[in-house]
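User: Could you take a close look at one part of this structure for me? I'd like a connected account of how that part is built and how it ties in with the rest.

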Amino acid sequence: MKFNTRRLARVIVVPAVCALALSACGGADRPTADELSESLKGGKAAEVLKLPSSVPEPAVDCIAKTLVDSDISDEALANLMEGKDNTREEQDEDVIEGLSDDIQKCVTDAMK
């Protein structure tokens with residue numbers, strides 16, 4: 001089956017950025033990229049972001065690394081891991097907006 005990578009990337013990026021924006025409150029340690037990747041592949045983070053099962057594993061790994069390496073607060077990532085949707089912190093707004101291109105690149109690179 002042929003995928004339109006740009007369209008698939010948009011389908012993933014918009015909900016991902018919105019979910020991150022909503023999950024920024026709380027308190028916990030920052031997850032590792034491996035932990036977040038596992039949660040994105042079938043855990044609570046996957047439920048929050050509503051990732052389609054058609055997203056290739058390398059794209060999910062890249063998205064997790066991108067999120068963990070970003071300046072998104074530890075609380076936002078920890079809440080994402082726990083499947084929580086909370087009100088975002090203002091300090092995360094600029095970071096979240098800047099991640100959509102990086103997340104889209106993860107998907108398009110994995111689909112090549």
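Analyst: Happy to! Let's take helix 6, starting with its buried side chains: Val-95, Ile-96, Leu-99, Ile-103, Cys-106, Val-107 and Thr-108 are the buried residues of this helix. Please keep in mind that the model is predicted.

Helix 6 covers residues 93–110, which makes 18 residues. From first C-alpha to last it reaches 27 Å, close to the 26 Å expected at 1.5 Å a residue.

Cys-106 forms a disulfide with Cys-62, with the two sulfur atoms 2.1 Å apart. This pair links distant parts of the chain, since Cys-62 sits in helix 4 (residues 57–69) and Cys-106 in helix 6, 44 residues apart. The torsion about the S-S bond is about -60°, so the disulfide is left-handed. As for cover, Cys-106 has 3% relative accessibility and therefore counts as buried, whereas Cys-62, at 30%, counts as partly exposed. The structure holds one disulfide.

Now for the setting. The chain has six helices and zero strands, and 42% of its 112 residues count as buried. Among contacts with a separation of 6 or more, 85% come from residues 24 or more positions apart. The chain exposes about 6,200 Å², of which carbon and sulfur atoms supply 46%.

Note on methods: Residues numbered from 1 in each chain as written. Predicted model: local features only at pLDDT ≥ 70, side-chain atom pairs only at ≥ 80, totals over all residues. Heavy atoms only, no water. Helix = DSSP H or I, 4+ residues; strand = E, 2+ residues; numbered from the N terminus. Buried < 20%, exposed > 50% of the residue type's maximum accessible area, 1.4 Å probe, protein only. Contact = heavy atoms within 4.5 Å. Areas by Shrake-Rupley, 256 points an atom, 1.4 Å probe, with all protein chains shown as cover. Expected span 1.5 Å × (residues − 1). Disulfide = S-S within 2.5 Å.
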